[in-house]
Each structure stands twice: as structure tokens, then as C-alpha cells.
Amino acid sequence: ERKSSLTITIPEPIIMVSIRRATIEDLFAMQAANLLCLPENYQMKYYFYHILSWPQLSYVAEDVDGNIVGYVLAKMDDDTEELHGHITSLAVLRSHRKLGLATKLMQQSQKSMLETYNAIYVSLHVRKGNRVALKLYKDTLGFSIHDIEAKYYADDEDAYDMRKYLQSSSSEGKASHKKKR
């Protein structure tokens with residue numbers, strides 16, 4: 001007697017997440033995500049400083065229940081010749097990784113840096129040993145290594161100082177974006 005078998009394929013659940021600009025009300029959830037995902041943590045006043053100074057640049061990924069499942073915390077730096085944005089922190093909860101949320105959060109923040117502040121480039125620091133983040137920044141988002149910051153992190157790990165140019169840095173462009181002294 002022959003037994004028949006039936007194979008049932010169960011589809012992956014659809015995870016609905018929206019990307020939106022971060023608000024003051026999101027800061028505690030952003031800090032909670034940071035504490036869950038990253039070894040570098042910030043005091044609440046640092047989140048407030050970002051959201052109050054550059055409200056257009058930080059974004060959250062929010063699930064259908066209103067939970068923050070990822071964020072990007074960003075700011076503008078004008079301490080160099082070229083006005084540029086800086087990614088302070090990026091985190092996505094493990095339960096929501098591999099959905100492209102980090103990419104979407106980064107792209108939205110970069111778009112706002114360019115449209116709102118006419119940023120020449122965006123910078124960030126990443127641990128030399130963080131291969132997953134390096135792949136995201138280099139291969140997916142188009143960043144390149146600008147420099148190495150020795151013992152940048154509290155545990156003395158070196159950081160790559162990475163940059164992505166948002167617009168051409170031609171000589172005319174540089175002249176119009178130089179910091180006024």
C-alpha cells in the first residue's frame with residue numbers, strides 16, 4: 001500500500017511598516033531600540049538635541065501597532081569647509097531586519113539633508129568589525145571609507161569614517177557652500 005504525502009507551503013507573514021519623520025513623542029522608543037540593538041548608547045538629552053535642532057533629518061520605522069521598530073538619528077555638521085550631514089545612529093530591531101528598513105531610513109534622511117540643507121555629503125562612523133553594517137553602507141548605500149578613527153569607541157575599537165557624496169563637489173559647488181567665517 002502506497003502512502004501519499006501532501007506538501008503545504010506556508011507563506012511568510014506580511015510585515016507592514018511605515019517610515020515617517022521622528023517626533024519628540026518617539027524619542028523614548030528610539031532610545032529603547034538603541035539600547036536593544038547597539039553597544040553605543042546616548043542620554044535622552046542627546047536625542048532631544050537632534051530632534052529640536054534638525055527636526056527634518058531623523059526618521060522612524062513604525063509597525064501597524066504603532067511600535068517603533070527602527071530609527072535613524074541624524075544631524076548637520078558645519079564644522080568643516082563643506083556643509084554636510086552626519087548619521088549619529090541607525091538601528092532596526094532584530095525582528096524586523098532583512099526587510100530593507102535600514103536602507104529606507106538612511107535614504108529618507110539623506111534626501112532630507114540634501115533638500116532641506118543642500119548638504120554636500122553625509123558622513124557616519126562604523127565599527128571596523130561590523131561586517132553587516134559595512135556591507136550595507138558600502139554595497140547598498142554607496143558610502144566609501146574616508147579615514148580610520150583609532151580607538152573611536154569606548155571599548156577602543158577603531159571606526160571607519162565613511163562618506164557618501166549627495167551632490168557633485170565641483171569647484172563652483174564648493175565655493176557656494178563654504179562655511180562663512
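A residue counts as partly exposed when its relative accessible area lies between the limits for buried, under 20%, and exposed, over 50%. D156, at 45% relative accessibility, is therefore partly exposed. The structure described here is a predicted model.

**Nonpolar core**
- The largest nonpolar core has 42 residues, and M106, M113 and Y137 touch the most other members.
- Strand 3, which spans residues 68–77, gives the most to this core, with 7 residues.
- Beyond four places in sequence, Y137 touches L90, M106, L124, V126, G142, F143 and M162.

**Largest pocket**
- The volume of the largest pocket is about 1,100 Å³.
- Its lining consists of 37 residues, of which L38, L90, N130, A133 and Y137 are the closest to the centre.
- Two or more lining residues come from each of helix 1, strand 4 (84–92), helix 3 (101–117), strand 5 (121–127) and helix 4 (131–140).
- Strand 4 supplies the largest share of the lining, 7 residues.
- Classified by residue type, the lining has 20 nonpolar, 10 polar and 7 charged residues.

- An α-helix has 3.6 residues a turn, so residues three or four places apart point the same way.
- The buried residues of helix 1 are L27, M30, Q31, A33 and N34. Viewed down the helix axis, they fall within an arc of 160°, so they line one face of helix 1.
- F28, L35 and L36 are exposed on the other side of helix 1.
- The packing partners of the buried residues of helix 1 are helix 2, strand 2 (59–63), strand 3 and strand 4.
- In helix 2 (residues 44–53), M44, Y47, H50 and I51 are buried. Their arc, seen down the axis of helix 2, is within 125°, so these residues also line one face of their helix.
- K45 and L52 are exposed on the other side of helix 2.
- Helix 1, strand 3 and strand 4 are the elements against which the buried residues of helix 2 pack.

**I24 and its contacts**
- I24 is located in the loop between strand 1 (17–21) and helix 1 (27–37). With 38% relative accessibility, I24 is partly exposed.
- Apart from neighbours within four places in sequence, I24 is in contact with F48, I51 and L52.
- I24 and F48 are 24 residues apart along the chain, and their C-alpha atoms are separated by 7.2 Å.

**K75, a buried lysine**
- K75 belongs to strand 3 and is buried, at a relative accessible area of 16%.
- Excluding neighbours within four places in sequence, the contacts of K75 are Y46, H50, W54, L57, H84, G85, H86, T88 and M113.

**Positive phi angles**
- Most residues other than glycine have a negative phi.
- N118, in the loop between helix 3 and strand 5, has a positive phi near 60°. Its relative accessible area of 34% makes N118 partly exposed.
- D156 also has a positive phi, near 75°. D156 occupies the loop between strand 6 (144–149) and strand 7 (159–165).

Methods. Residues numbered from 1 in each chain as written. Predicted model: local features only at pLDDT ≥ 70, side-chain atom pairs only at ≥ 80, totals over all residues. Heavy atoms only, no water. Core = buried A, V, L, I, M, F, W, Y, C linked by side-chain atoms within 4.5 Å. Buried < 20%, exposed > 50% of the residue type's maximum accessible area, 1.4 Å probe, protein only. Helix = DSSP H or I, 4+ residues; strand = E, 2+ residues; numbered from the N terminus. Contact = heavy atoms within 4.5 Å. 1 Å grid on protein atoms, 1.4 Å probe; cavity = no way out; pocket = protein on both sides within 12 Å on 5 of 7 lines; lining within 4 Å. Points joined across faces, edges and corners; volume = space filled by probe spheres on them. Nonpolar A, V, L, I, M, F, W, Y, C, P; charged D, E, K, R; others polar. Arc of directions from axis to C-beta.
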